[in-house]
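Good morning, colleagues. Please look at the sequence and the structure as I put them up, and I shall then take you through the charged pairs and the surface.

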Amino acid sequence: MGRSSDADRRHLEQHHGQWRVVVAVPRGLHRQLGTKLKRSLQTDSLAVANRLKWPVVAELKAFISNAGDDSGKSKLLQEAVEMARLRRLARDDHDIETIDLGIELRAEEIAGAPVGIETDPDTGREEPAFDPARSRVAGHYMAVARGEATPLDLHHAAYKASMSVKARTLADDDRALDYLTQWCRANHLRPAVEAITPKLAGRFMDELAGMTKGVSPVTLNKYLRRLSRYWQWMEKRHYAASNVWHGKTLEEPTSRGGEEERPFTDAEMLMLLDGPASPVMADLMRIGALTGARLDAIVCLSVGECSDGYFRFKPQKREKEARACPIHPALLRIIARRTEGKDHSDPLFPEWPGPKKAGSMRERSFKASNQFTDYRRQVGVDEVIPGKRRSLVNFHSFRRWFITKAEQAGQPEHIIASVVGHKRQGMTLGRYSSGPLFEQARQCVEAVSLPTRESLSGAARGLKEVARRG
């Protein structure tokens, strides 16, 4: 049996003696529209309310559907941003007044026609009542269009697209903006570009450590730098009035003597090279030691990038292009074995393929790094300082060792910088094995030799002789 119109209360509730329509809003739109949309039917009769409610229910559901349409929201927001841009570029007060009038008219259009009458609690006068959800959207449009409420993340995607950085750095950008957004909401502040003043930026800086629970000042400063870069980008495009993060850095603990990460000693090198390493780890360590290259650059090498007598390492850090490094004679057998019968596009280290998960922010060398750390600890090469997360020796210590040995061999500093990819002045090393610079680089690489037990014993005897004569 069907419901009687007198008993059917679907989408209806009483309010001050009159019936109104109530439609639930999906959880994902609560922040934008609230938890429910309501519309008074201006009647105290349930039978009449049931005859009037269905067109209103359909209208409210259509509004919710449109609000959930990302393309629709994006168009409205972009329209408001464009109005804000025109307002900033206005030549005089008259132009601003004209634009503001257009903004008000557009906001009235978004709010829609009155849906009823309400009594002002202060004056007792009857005034037109508007749909609350549409009124909120119209109010947000007006705030953005007047340059008062640009969402913090509005330009973030375009900003990130303009950069050529690692996925981990992009993740730091996202994390920094997420922390700022959370902080704004916790402090009942509108998460908008205009709301962040230099004073509030300073407050956020001071309170960031409490939000992140034990993250080091070094990492926190990284997040502050990412926010500063974003604001710089917006300032150049007139999306932000100024960079409110300028000079906002936390004091970092200074390293005491002996607490800086360092090169391996020759004795530690022997422990690593003569230890029970797997064949792939043995190859990896030797290439690291005799090129000074970073771990990820080595693991990402393809067969074609190890030919004609030199490596072509992909750009790392602030390098703008691939870097050539002569292949040390002691590595020729390793390269020949790893490239034999393979195509140019095949990886030199297939044992460590890239992450399988799409969109992963891990570098291809992630597993290689973990395996080297386990091996290093296994052979007893470690130096951990209380309060420091990383050991003072790690794979990067091969790079430090190579640079130290090249310097001790009397190689010119600018040539060492070319070989390892450090920033330097003057000419850059050519990509092909010709010309004086490449020959100097080859001499630099070949000036470094892996330590042996004989060389270590000889060095020890020399030190004892010096001490005896002294």
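Let me begin with a question: is R338 buried or exposed? R338 is buried, since its relative accessible area is 7%. By buried I mean under 20% relative accessible area, by exposed over 50%, and by partly exposed anything in between, with a 1.4 Å probe and protein chains only.

A word on the source. This is a predicted model, in which local features need pLDDT of at least 70 and side-chain atom pairs count only at pLDDT 80 or more, while totals for chains, interfaces and linings use all residues. Residues are numbered from 1 along each chain as its sequence is written, and side-chain values use heavy atoms, with hydrogens and water left out.

The protein has 18 helices and eight strands; these are DSSP runs, helices being H or I of at least four residues and strands E of at least two, numbered from the N terminus. Of its 470 residues, 39% are buried.

I return to R338. Its side chain forms a salt bridge with that of E351, at 3.0 Å from N to O. The term denotes a side-chain nitrogen of Lys or Arg within 4 Å of a carboxyl oxygen of Asp or Glu. R338 belongs to helix α13 and E351 to the loop between α13 and α14, so the pair ties together parts 13 residues apart in sequence. E351 is partly exposed, at 40% relative accessible area. Through shared partners, salt bridges join D283, R337, R338 and E351 into one network.

The side chains of K405 and D266 meet at 3.0 Å, N to O. D266 is partly exposed, at 22%.

The salt bridge of R106 and E109 spans 3.2 Å, N to O. These residues are three apart in helix α4 (residues 93-111), which means a separation of about one helical turn. R106 is partly exposed, with a relative accessible area of 22%, whereas E109 is exposed, at 55%.

L332 lies in helix α13 and is partly exposed, at 47% relative accessibility. K356 lies in the loop between α13 (332-339) and α14 (366-378), and K356 is exposed, at 83% relative accessibility. Thank you.
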